[in-house]
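Hello,

Here is the structure I promised to pass on. Please look it over first, then read my notes below.

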Number of protein chains: 4
Amino acid sequence: MTEHRSGPVRSAVAREAILSATATLLVDEGWDHLTIEGIARAAGVGKQTIYRWWSSKGALVAECLLDGRFFAVEPVVGDTGDLRRDLRDWLTPVLHFLNTPTGRSLLHSLVAAATEEAGVGAHLSEAFGADRLLADRLRAAVAARELPPGTPVDQLGHAVFGALIFEVLSKDEIDVAAFLDLVEFLLGPRTALFAPAAPPAPA
Amino acid sequence: MTEHRSGPVRSAVAREAILSATATLLVDEGWDHLTIEGIARAAGVGKQTIYRWWSSKGALVAECLLDGRFFAVEPVVGDTGDLRRDLRDWLTPVLHFLNTPTGRSLLHSLVAAATEEAGVGAHLSEAFGADRLLADRLRAAVAARELPPGTPVDQLGHAVFGALIFEVLSKDEIDVAAFLDLVEFLLGPRTALFAPAAPPAPA
Amino acid sequence: MTEHRSGPVRSAVAREAILSATATLLVDEGWDHLTIEGIARAAGVGKQTIYRWWSSKGALVAECLLDGRFFAVEPVVGDTGDLRRDLRDWLTPVLHFLNTPTGRSLLHSLVAAATEEAGVGAHLSEAFGADRLLADRLRAAVAARELPPGTPVDQLGHAVFGALIFEVLSKDEIDVAAFLDLVEFLLGPRTALFAPAAPPAPA
Amino acid sequence: MTEHRSGPVRSAVAREAILSATATLLVDEGWDHLTIEGIARAAGVGKQTIYRWWSSKGALVAECLLDGRFFAVEPVVGDTGDLRRDLRDWLTPVLHFLNTPTGRSLLHSLVAAATEEAGVGAHLSEAFGADRLLADRLRAAVAARELPPGTPVDQLGHAVFGALIFEVLSKDEIDVAAFLDLVEFLLGPRTALFAPAAPPAPA
DNA sequence: GGCTAACCGAGACGGTACGTCGGGTCTTTAC
DNA sequence: GTAAAGACCCGACGTACCGTCTCGGTTAGCC
């Protein structure tokens, strides 16, 4: 039973123009300064067309996020068998990007958007790859016994990302080396391979 | 030799009224909806008096934060000798507060403010006590060899706080138990006391 | 071939409310005290709607003037064949009106408006009827040879009106009798009818 | 019994600086744009010093007017025995001055001031010399029987000045020749010398 | 020589209004 | 029925001045 109605259908052209304008303006101008009128103007679209399909500028940003319009994230974290090294290799360029004005401002904007729109927060870490990419690598590390069984991989990924957010919010510049060290600490002591099942038995 | 200037002096009454109104309105209405006009109205003050002394609403919030106008933080984390237990005891009420509408909204507001005003971000963790209180307890734990020497206590505190922020931004409700487990994991495996000087040297 | 534009059209309701509020407020409060915000408030209209169509409060007053919103001027100056008497009959109530607080203040306001907005000055005398009404009667007088041929009727009307303005600006109260006498003098000596063509040629 | 009190006396320096600044600013910026704060700033004076001695900016302008700070009026209207020619000679440069931007704007400003401050209106014509100078010349003309006895000389002078004001308010530029013609008409027909006592007896 | 008062500059204060921007809704015309 | 254009009411922006009020400092003139 397909739903059908008369009249023209949602304009894909308009949708694309709107989301594209949103992403561009957010990056260029920041969350404050991002306005519906500005988006409509840049997209060559009526305001009503935006309001018809999205409830707020937060919703627009959330959809941009889902569409991956902000980062072209490296789709994988390498797996050389050395978890700590892999994470360093993956994190280092991310941290450097976040030390550029663009990177800082983009993260600021996305965090600001997240405070107003639940949908942005819910997908923020995914957009950075911290969700799937990082967690997957951690899961592999557990399987490979580089991390103890029972490690809360998803949460650990979020903690790393949370630390990153806080670092950006609270300092003028991320101390890359210190941050990498912190991540290393959070993973716990580098030990001999964990026994398959038994919990770590202190001597 | 102090610098002299004749003429009237800054009104302490106005300052207090403005900061107090700012704190109240931020808690009650949230960061968006917080307006200079609203603050002026609530404080019974001219707008110019605000602009004369603060450059933005972000600066106002930052000063409120420094004045500790948002939380009456428990001034200590207990020290029973059991770090994990002490942290649980300290964190639990904080987490529950952040699960109330007021708590959630306040953290959202402060994070939003931090994205616009560096000063807010710089003092956010202090306001929550995550800086001094938490780090001090961690330092004591290092001294008591509950944590390995060389633990980056300050950063660890920030990581915990960052994880907390991210949890609030990305979920509708904090899973208190899971978060406490995460913190426990971040502290590393519960081990016998660390040797005084030598770091654990895995083979 | 009219120029087309899609979209909504100027609201006649808003226009009427704005001009009506302007006229009322100008009469009641005076030129200073007349504010765009006050007009918008009284008209139940957004400020932007005013700024969209008028450039200043002067322009608003000018339009009110053109619409004849300040005076319901007696549409004719009587013509009994006696110019001086007709002018007295027409001027007397005007002068008395200008001796009331309302009349004085209205003329003050219009003159003040004229100093800021050329359009007000250009139509001031019309609004008082000094332009068409008075000049027409003078023209008739020239035709009837009550005034010499070549009398600059338009300018004479303006001079009478100018004298009136100056009287109101410079004195607390118009001396009605003296003003009427002045007008009589300005018309020149009451003479026998002027010869049709030849100007009076004194020896 | 003189009233006396201790303490310093009104500062002549401040008075001069304030009036001078007022005159300069009025000429340069116009009545609107003339502000107490601006005057205080330009005069290097506290606002209170202005408010202590004058009740409004209108009062300041009135005092400037009395001090003759706006025009250096030709102190006499010539008397060649030919009234019409003398008036032309005196009026022509005045009219040309009022056709300059400065002149126009100054008259506009003074008229605007007059609408707010009775004192300005009361002395406006004096400042232009229309009062004493013009009326004196007219009086002399009556004495010389160039004008009929009983001519309301003061009022006639005001009428000329009023016509001038209206001309400036209502047109972009004064038509000098037409204005001079008007004045000539207002003086009445050029006749043989009036008989000393008898009213003009038409043939 | 001190005291007292009024003067002065400076400028903070509670306000009102400015002219602009953007929000979200509604209306009109065109496709 | 969707879309562009944009007018509408509204609320906030940050600024300019208002007129009042403290300040600290500086003169008079009288005890």
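**Around DNA strand E**

Of the 41 residues around DNA strand E, those that come nearest are A:Lys47, A:Gln48, A:Tyr51, C:Lys47 and C:Tyr51. A residue counts as near a molecule or strand if one of its heavy atoms lies within 4 Å of it. Among the atoms of DNA strand E that come within 4 Å of the protein, 62% belong to sugar and phosphate.

Before going on, some ground rules. This is a predicted model, in which local features need pLDDT of at least 70 and side-chain atom pairs count only at pLDDT 80 or more, while totals for chains, interfaces and linings use all residues. Residues are numbered from 1 along each chain as its sequence is written, chains are lettered from A and ligands numbered from 1 in the order in which they are written, and side-chain values use heavy atoms, with hydrogens and water left out.

Now some individual distances. A polar side-chain atom of A:Lys47 lies 2.7 Å from a base oxygen of DNA strand E.

Helices here are DSSP runs (H or I, at least four residues), numbered from the N terminus. By class, this surface has 11 nonpolar, 20 polar and 10 charged residues. Ala, Val, Leu, Ile, Met, Phe, Trp, Tyr, Cys and Pro count as nonpolar, Asp, Glu, Lys and Arg as charged, and the others, Gly among them, as polar.

**Chain B against chain A**

Here 36 residues of chain B are in contact (heavy atoms within 4.5 Å) with 38 residues of chain A. The buried area is about 3,100 Å², and carbon and sulfur atoms give 72% of that. Buried area is the accessible area (1.4 Å probe) that two parts lose on being put together, summed over both. How many salt bridges does the rule find across this interface? It finds 0, a salt bridge being a side-chain nitrogen of Lys or Arg within 4 Å of a carboxyl oxygen of Asp or Glu.

On the side of chain B that touches chain A, helices H6 (101–116), H7 (118–128), H9 (153–170) and H10 (176–186) each supply at least two residues. H9(B) gives the largest share, 12 residues. That side has 23 nonpolar, 9 polar and 4 charged residues.

Best wishes

Key
Polar contact = N/O pair within 3.5 Å; in protein donor to acceptor, adjacent residues only side chain to side chain.
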